[in-house]
Amino acid sequence: MGDTVKKDGDQTILEVEDLHISFGTYLGMVRAVNGVSFRVKKGEVLGVVGESGCGKSVTALSILKLIPTPPGRIDRGTIHLRVGGRMVDITKLPPHGREIRRIRGKEVAMIFQEPMRSLHPMFTVGGQIVEGLLEHNRMSKKGALDRAVDLLNRVGLPKPREAATYYPHQLSGGMRQRAMIAIALACEPELLIADEPTTALDVTIQAQILELIKELQEDSGMSVILITHNMGVVAETAQSVMVMYLGWAVEQASVGELFENPLHPYTQGLLESIPTLVSVSKTPLKSLSGVVPELYEVPQGCVFADRCPRLFEKCSQVPPAFEARPGHYVKCWLYDGGRTDTPQ
């Protein structure tokens, strides 16, 4: 099953190291993910945050070998996933081979942003769950259907046996998202990737879906990568967090550490833009200046340089990841212990 290496007993489920992903465009190759490294342990919830266009979804899709090739390609790096007690490098597996098909759904499952685009419109919800169960498990069709009904009941669909006969268009947005969660959990994966799972839902349904994911994660002990632009969701759900900007992992820490001591100017800007219960009435919200540039317009040196309020001369160079505090990594020259110049 591709190149494999044995790992120690630290119960690491996923380890991504120095991942670089590019896409071909009419302007040439552009880098969407640039040197990202992170680790997810068993039972851990990792929050991945950042604005749209920062590489969060591309990073997630690479774990399942779902990046369209062409135009996309993994230029460098490894993605080691624990499969049957061994760490398998996903980057070495053929994108349409038996090995990766065995992993998708069984070892790793994904909840996508828009369930109406991700669910097959020509098959019933129950049928789509049954298909995954029969692909990865030895069971009868009746057993698979009973399991599908049980899953729909578990994720909160009313009249689950009847709901199993519905087509996606017959369900509301919240119900479709619940059905997609049922599909993702059908084969009891070790790792669940939730890519903006509440984007198209109203606030009340968003809270219900996030609470559902949290409950299911705690019940099963699976690991979760939660991709979002909402820092509040991360604070309530995750144990660790990675902040991404324009393909870089600019800051990584435990949730408590990051919210108490945000170090990167981008992270600080994201947190300052969140209203709180103690915010003064009618006070304008702070916001980050500018917008995320296009990938072919990435600044030289630090990618956040054109929006950073603490810019100084050394920002024209690419910074490494500094361990500013134990277990707290930040990709910013402000935390270079040998820096002698001062911000502008």
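How many aromatic pairs does the structure hold?

Author: The structure holds four aromatic pairs; rings of Phe, Tyr and Trp (its six-membered ring) pair if their centres lie within 6.5 Å, and planes under 30 degrees apart count as stacked, over 60 as edge-to-face and the rest as tilted. One of them is formed by Tyr 245 and Tyr 266, a tilted pair with 4.7 Å centre to centre and 55° between the planes. This pair links distant parts of the chain, 21 residues apart: Tyr 245 lies in strand S10 (residues 240-245) and Tyr 266 in helix H11 (residues 265-272). Helices (H or I, at least four residues) and strands (E, at least two) are DSSP runs, numbered from the N terminus.

This is a predicted model, in which local features need pLDDT of at least 70, side-chain atom pairs count only at pLDDT 80 or more, and totals for chains, interfaces and linings use all residues. Residues are numbered from 1 along each chain as its sequence is written, and side-chain values use heavy atoms, with hydrogens and water left out.

Tyr 245 counts as buried because its relative accessibility is 0%, and Tyr 266 is buried because its value is 0%; buried means under 20% relative accessible area, exposed over 50%, partly exposed in between (1.4 Å probe, protein chains only). Together with Phe 304, Tyr 245 and Tyr 266 form one aromatic cluster.

Another ring has a charge over it: the charged end of Lys 331 sits over the ring of Trp 248, 5.2 Å from its centre. The criterion is NZ of Lys or CZ of Arg within 6 Å of the ring centre and within 35 degrees of the ring normal.
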